Amino acid sequence: GIIGKDGVFYLKNEGELQRLHSYFYDLTFNRIAYTNNKQLLNKIKMEIVEEQKMEETLPFKPKIDIVSKTIEESKSVVFGKCPRVELLLSKGKEYKEKSQMKKAESREKELEGCTFKPNCNKPLRPVRKQNKDSM
């Protein structure tokens, strides 16, 4: 390219234009990627800082007691590879099933003593519809 007397940059041919375009395109693309990355990193840093502030302001800080840890370890030895959470969830399902079965049994027992079954007789005469005019 050539810089003219007026201070403007002029290109000699279309090849120079393509080369210049690809050069600036790469720079622009890299700049966009860099700023997006920087924004993402800043966002992550801000989230971490907010979490730390939140943890500092919370009055309750739960900790697992040593006795509870030993109980958990002894249970994990007994039940093997099955995680404690899975075990507790399955026991909860069993409890719900048992309670539903007990409710169904109590309903059946309640109705078991009932012997009355009403028999409805058919009317001897067919029921006539009344005309609105006769009223």
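**A tour of the chain**

Of the 135 residues of the chain, 1% count as buried, where buried means under 20% relative accessible area, exposed over 50%, and partly exposed in between (1.4 Å probe, protein chains only). This is a predicted model in which local features need pLDDT of at least 70 and side-chain atom pairs count only at pLDDT 80 or more, while totals for chains, interfaces and linings use all residues. Residues are numbered from 1 along each chain as its sequence is written, and side-chain values use heavy atoms, with hydrogens and water left out.

Start with the whole chain. There are three helices and two strands, in the order β-β-α-α-α along the sequence. Both kinds of element are DSSP runs numbered from the N terminus: helices are H or I, at least four residues, and strands are E, at least two.

Next, select residues 14-57, helix α1. Its 44 residues should span 64 Å at 1.5 Å a residue, and the end C-alpha atoms are 64 Å apart, which agrees. The expected span is 1.5 Å times one less than the number of residues.

Now pick Asn13, at the start of α1: one of its side-chain oxygens reaches to within 3.3 Å of the backbone nitrogen of Gly15.

Move to Tyr23, in helix α1. Rings of Phe, Tyr and Trp (its six-membered ring) pair if their centres lie within 6.5 Å; planes under 30 degrees apart count as stacked, over 60 as edge-to-face and the rest as tilted. The count comes to one aromatic pair. Tyr23 and Phe24 form that pair, edge-to-face, with 5.4 Å centre to centre and 75° between the planes. Phe24 counts as partly exposed, at 45% relative accessibility.

Finally, select residues 84-112, helix α3. The 29 residues should span 42 Å at 1.5 Å a residue, and the end C-alpha atoms are 42 Å apart, which agrees. α3 is hardly covered: one of its 29 residues is buried.

Key. Polar contact = N/O pair within 3.5 Å; in protein donor to acceptor, adjacent residues only side chain to side chain.
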